Amino acid sequence: MDNLKDKVALITGGASGIGRATALLFAEEGAAVAIADINQEMGESAQKEIENLGGQIIFIKCDVSKSADCQLAVEQTVATFGGLDILFNNAGIVSRTNVLTITETEWDQVMGVNVKSVFLMSKFAIPYMEKRGEGTIINVSSGWGIQGGENAISYCASKGAVTNMTRAMAIDHGPKNIRVNAVCPGDTDTPMLRSEADGLGIAYDQMVKDSSKGRPLGRIGTPKDIAQAVLFLASDASTFVTGSILVVDGGGLAGTG
């Protein structure tokens with residue numbers, strides 16, 4: 001398993017959920033991995049888990065909505081591993097509110113983590129990729145970055161922005177051999193989905209059951225389901241893929257619209 005042998009990857013939101021599963025998979029595939037996350041306890045736990053499996057890993061505490069933190073995460077990754085090949089902009093939060101119920105502070109928080117972080121991390125990462133002569137960036141969007149959803153105004157707006165940012169970045173940086181793509185996960189068994197259920201006042205098991213009904217595969221995703229798609233976009237299996245929006249949702253969007 002060496003699809004990423006000698007590659008260096010930086011993963012935001014890598015302490016749990018999809019980010020952690022991707023960090024594990026990347027390490028298994030031979031990459032040196034840097035995890036950037038605001039949760040120090042979970043980040044150190046992820047680092048220890050990957051170290052115990054023999055992987056190359058560092059954890060960097062990082063608020064991805066802050067420029068200085070993003071710059072430090074990129075520079076520390078490069079200083080530790082000698083360069084940067086893969087950026088996985090995975091960090092994200094959700095607020096289940098509409099225009100009338102969301103506060104300005106909540107709006108800014110969602111945009112800061114979900115959109116501004118993609119801009120900042122990419123801004124600092126791309127010059128190092130240019131030095132390598134190639135690179136790949138994978139952004140996390142969502143099915144709700146393609147179509148709307150109920151009581152999720154800031155989340156839908158943020159993921160719609162990420163979707164089109166991905167296309168624009170692919171156009172801008174393709175001439176330097178930097179590929180930029182996005183994955184759009186459906187509901188996935190992560191701490192964020194559990195907190196979303198709590199925020200809506202819905203039992204998690206019921207939320208999973210309801211979400212599964214709307215998918216041809218009859219289930220929600222696992223973090224590894226999404227990580228496998230990210231691996232494809234990060235690896236040489238996708239060298240002619242850029243500006244693409246890959247939906248990974250068990251067919252949820254296939255029957256809508």
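Colleague: Why is the K7 and E134 pair called a salt bridge?

Modeller: The closest N and O atoms of K7 and E134 are 3.3 Å apart. A salt bridge needs a side-chain nitrogen of Lys or Arg within 4 Å of a carboxyl oxygen of Asp or Glu. So the label holds for K7 and E134. This is a predicted model, where local features need pLDDT of at least 70 and side-chain atom pairs pLDDT 80 or more, while totals for chains, interfaces and linings use all residues. Residues are numbered from 1 along each chain as its sequence is written, and side-chain values use heavy atoms, without hydrogens and water.

Colleague: What makes K7 and E134 a tie between parts apart in sequence?

Modeller: K7 lies in the segment before β1 (8–12), and E134 in the loop between α4 (104–132) and β5 (135–140), so the pair ties together parts 127 residues apart. Helices (H or I, at least four residues) and strands (E, at least two) are DSSP runs, numbered from the N terminus.

Colleague: Is R215 buried or exposed, and how do you know?

Modeller: Buried means under 20% relative accessible area, exposed over 50%, partly exposed in between (1.4 Å probe, protein chains only). R215 is at 14%, so R215 counts as buried. Its salt-bridge partner is D187, at 3.7 Å between the closest N and O atoms. D187 has 27% and is partly exposed.

Colleague: How do you know what span to expect for helix α2?

Modeller: The expected span is 1.5 Å times one less than the number of residues. Helix α2 (residues 40–52) has 13 residues and reaches 18 Å from its first C-alpha to its last, close to the 18 Å expected.

Colleague: Why say that the buried residues of α2 line one face?

Modeller: Those residues are G43, A46 and I50. Seen down the axis of α2, they fall within an arc of 60°, so they line one face. The arc is taken over the directions from the helix axis to the C-beta atoms. An α-helix has 3.6 residues a turn, so residues three or four places apart point the same way.

Colleague: Which exposed residues sit on the face of α2 turned away from its buried side?

Modeller: E41, K48 and N52.

Colleague: What does the buried side of α2 pack against?

Modeller: The buried residues of α2 pack against α1 (17–28), β2 (32–37) and β3 (57–61). Contact means heavy atoms within 4.5 Å.
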